[in-house]
Structures are given as structure tokens and as C-alpha cells.
Amino acid sequence: GGHDDGGAGAFGLNLRAMAGYMSGLSTRFRTLLASLRSHSDPTSQLVALQELAELLSVSTEDTLAGYFPTDSYVKELIYIMGGPKPDSGDSGAKIEEVDEDEETAAAIAAASADFEDNGEKMLLACRCLANLMEAMPYSAHSVVTHGAIPVLNEKLMEI
């Protein structure tokens with residue numbers, strides 16, 4: 001069958017493959033976000049950060065736009081870097097007063113317990129943000145809005 005469709009068949013196939021790839025990527029991003037949020041499982045968090053950093057390093061604006069939930073990721077990555085905990089949808093404006101010394105002592109104890117793990121996670125979260133801004137320059141607005149700058153400054157002061 002030597003009929004020539006001018007390559008349109010191959011183009012249609014590539015387009016379908018690309019659409020399949022993109023919807024798969026969208027699902028992958030949702031799964032990775034869920035893993036990042038599982039703070040009780042540091043190992044899957046670390047693996048998710050590594051995979052996300054890798055994915056973002058080979059992504060472009062075209063492959064991410066519309067598929068990548070930028071704000072959700074940025075909030076979570078900043079939290080992993082030591083920033084504020086992202087809102088889980090509750091609009092409880094009143095924050096309970098807590099004994100800060102006690103809380104700080106507990107946080108320091110917890111931090112030193114898994115410092116190695118946390119250090120690596122923070123570094124990977126940073127790399128994810130850097131790769132994201134490289135792939136999608138306008139995502140920098142989200143990164144700044146959600147408070148990455150003070151968190152980064154604080155980390156740099158600690159070094």
C-alpha cells in the first residue's frame with residue numbers, strides 16, 4: 001500500500017502520543033504533590049522531590065502550562081524549605097497562642113533528629129523551585145508571593 005498522506009498520519013500519531021504524554025504528566029504531577037504532602041513518610045517525600053527536580057529540569061513552559069499546579073507545588077516546596085505550613089483549606093483566622101519556648105525546643109529536637117534528611121529535602125525543594133522558574137519564568141511571581149524570599153534568606157544566614 002504505497003499511499004502517501006504527506007506525513008499527516010505520522011503527525012496525527014505524534015499529536016495523540018503527545019496528548020497522552022501530557023495527560024500522563026498531569027496525573028504524575030498530582031501523584032508527586034500527594035507524596036510531597038505526606039510528611040509522615042520522609043522517604044517517599046525525598047523520592048518525590050528527586051523526581052520532581054528531574055521532571056522540572058527537562059520541562060518547558062509548553063509542557064507545564066495548564067498541567068502543572070504551580071501554586072500548590074510552590075506552597076509545599078516552601079514549606080519543605082522551612083516556610084509556613086500551607087493552608088489546608090480551613091479559614092480559621094484565629095491562631096491559638098502557644099508557648100513558643102516549648103514549641104521551639106520541640107522543633108529543635110525534631111530538627112536535629114532528622115537534620116540530614118531535612119537538609120537534603122530542603123536542598124531538593126530549592127532545586128525544584130529553581131528548575132520551575134527556569135522552565136516557567138512567570139512562576140517566579142508565585143514563588144515570591146508565597147514567601148520564598150524570607151525563607152531563602154533565613155537559610156542563607158544559617159550557612
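Student: How many aromatic pairs does the structure hold?

Tutor: The structure holds three aromatic pairs. Rings of Phe, Tyr and Trp (its six-membered ring) pair if their centres lie within 6.5 Å; planes under 30 degrees apart count as stacked, over 60 as edge-to-face and the rest as tilted.

Student: OK, what sort of pair do phenylalanine 29 and tyrosine 73 form?

Tutor: Phenylalanine 29 and tyrosine 73 are edge-to-face, at 6.3 Å centre to centre and 80° between the planes. Phenylalanine 29 lies in helix H1 (residues 8-37) and tyrosine 73 in helix H4, so the pair ties together parts that are 44 residues apart in sequence. Helices here are DSSP runs of H or I with at least four residues, strands are runs of E with at least two, and both are numbered from the N terminus.

Student: And why is the pair of phenylalanine 68 and tyrosine 73 stacked?

Tutor: Because the ring centres of phenylalanine 68 and tyrosine 73 are 4.6 Å apart and the planes are at 10°. Phe29, Phe68 and Tyr73 form one aromatic cluster.

Student: Are phenylalanine 68 and tyrosine 73 buried or exposed?

Tutor: Phenylalanine 68 and tyrosine 73 are both buried, and phenylalanine 29 is buried too. Buried means under 20% relative accessible area, exposed over 50%, partly exposed in between (1.4 Å probe, protein chains only).

Student: Before I go on, what am I looking at?

Tutor: It's a predicted model: local features need pLDDT of at least 70, side-chain atom pairs count only at pLDDT 80 or more, and totals for chains, interfaces and linings use all residues. Residues are numbered from 1 along each chain as its sequence is written, and side-chain values use heavy atoms, with hydrogens and water left out.

Student: Fine. How many helices and strands does the chain have?

Tutor: There are eight helices and zero strands. Of the 159 residues in the chain, 28% are buried.

Student: Which residues have the most contacts inside the largest nonpolar core?

Tutor: Leu52 and Phe68, in a core of 30 residues. A nonpolar core is a set of buried Ala, Val, Leu, Ile, Met, Phe, Trp, Tyr and Cys residues joined through side-chain atoms within 4.5 Å. H2 gives the largest share of this core, seven residues.

Student: Tell me about H2, then. Which residues in H2 are buried?

Tutor: Gln45, Leu46, Ala48, Leu49, Leu52, Ala53, Leu55 and Leu56 are buried in H2. Helix H2 covers residues 42-57 and reaches 22 Å from its first C-alpha to its last, close to the 22 Å expected; the expected span is 1.5 Å times one less than the number of residues.

Student: What is leucine 52 in contact with?

Tutor: Leaving aside neighbours within four places in sequence, leucine 52 is in contact with Phe29, Leu32, Leu36, Phe68, Tyr73, Leu77 and Cys128. Contact means heavy atoms within 4.5 Å.

Student: Last one: where does lysine 75 lie?

Tutor: Lysine 75 lies in helix H4 (residues 70-80) and is partly exposed, with a relative accessible area of 35%. Apart from neighbours within four places in sequence, lysine 75 is in contact with Pro86 and His146.
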